[in-house]
Amino acid sequence: MKITRGQLRKIIKESLLSEMPARQPEGLDPSFYWEVQRFSMDASEDEEWDGIAEGNVETVHITGNMVLPGWGDTEIAHLQMKKFLDCPHWEIKNVSVRGDRFYKNHKIKQPETAKDLGPMMYDIAMEIAGEDGLISDSTGSSADAQRVWNFYLKNRADVDVDVAELSPGSCGRPSQMSGPEMTFQFRVYRKKSGSPSIIDALGDKIRFV
């Protein structure tokens, strides 16, 4: 049976919702928006400078923001990725989403939009990375981050994400894999050509500054 592009989008969406809950653009709070900043700095100014590298380090900040009671316009999610001089791929560096503790501490009911933003944030990052591709943090990944990477490997490889091998020892990778659960470290993730655009779907919910 031939599957149409519309049916493929539905299958992908259902897979996202069942395998790993993911916030969809139409489910975002009216006050919520993503903001994307991209800039370049001299390698010597970067916090991870090794004292040797010369040239520029490219950086992208992606933040999720919404109006919270008593707080106003507030950042509730953040992702940073960098492209270093010795690697052609974009490396995820810092990812955070405000969790239950933040809302409980400040006596704020956690809004539905604040839940399950991680996968959407990674999808935005992957689309921005383009053909250069996205890789995991060379200094280590949290359990939550590992879950996202492994989700891509298990559920979305060859559907709307292309996955290629990354050689051990390159781009800050270990010289050998410590176990099959760390396979994600040795992979490059790219948005599959022709697959639906998360940035287009977000419309005015994403701002490039």
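These are legends for close-up views of a predicted model.

Residues are numbered from 1 along each chain as its sequence is written, and side-chain values use heavy atoms, with hydrogens and water left out. In this predicted model, local features need pLDDT of at least 70 and side-chain atom pairs count only at pLDDT 80 or more, while totals for chains, interfaces and linings use all residues.

**View 1. Helix 3 meets helix 4.** Here the axes (lines fitted to C-alpha atoms over the stretch in contact, with angles from 0 to 180 degrees between N-to-C directions) of helix 3 (residues 118-129) and helix 4 (residues 143-156) come within 11 Å and cross at roughly 70 degrees. That makes the pair roughly perpendicular (65 to 115 degrees). Helices are DSSP runs of H or I, at least four residues, and strands are E runs of at least two, numbered from the N terminus. On the helix 3 side, Pro 119, Tyr 122, Asp 123 and Met 126 make contact with helix 4 (heavy atoms within 4.5 Å).

**View 2. The largest nonpolar core has 40 residues.** Such a core is a set of buried Ala, Val, Leu, Ile, Met, Phe, Trp, Tyr and Cys residues joined through side-chain atoms within 4.5 Å, buried being under 20% relative accessible area (1.4 Å probe, protein chains only). Trp 34, Ile 62, Met 81, Ile 124 and Leu 134 have the most contacts inside this core. Look around Leu 134 and you'll find Met 81, Trp 90 and Trp 149 among its contacts beyond four places in sequence.

**View 3. Val 67 sits in strand 2 (residues 56-68).** Skipping residues up to four places away in sequence, Val 67 touches Ser 31, Gly 72 and Asp 73. Its C-alpha atom is 7.1 Å from that of Phe 32, 35 residues apart along the chain.

Key. Angles under 35 degrees count as roughly parallel, over 145 as roughly antiparallel, 65 to 115 as roughly perpendicular and the rest as oblique. Buried means under 20% relative accessible area, exposed over 50%, partly exposed in between (1.4 Å probe, protein chains only).
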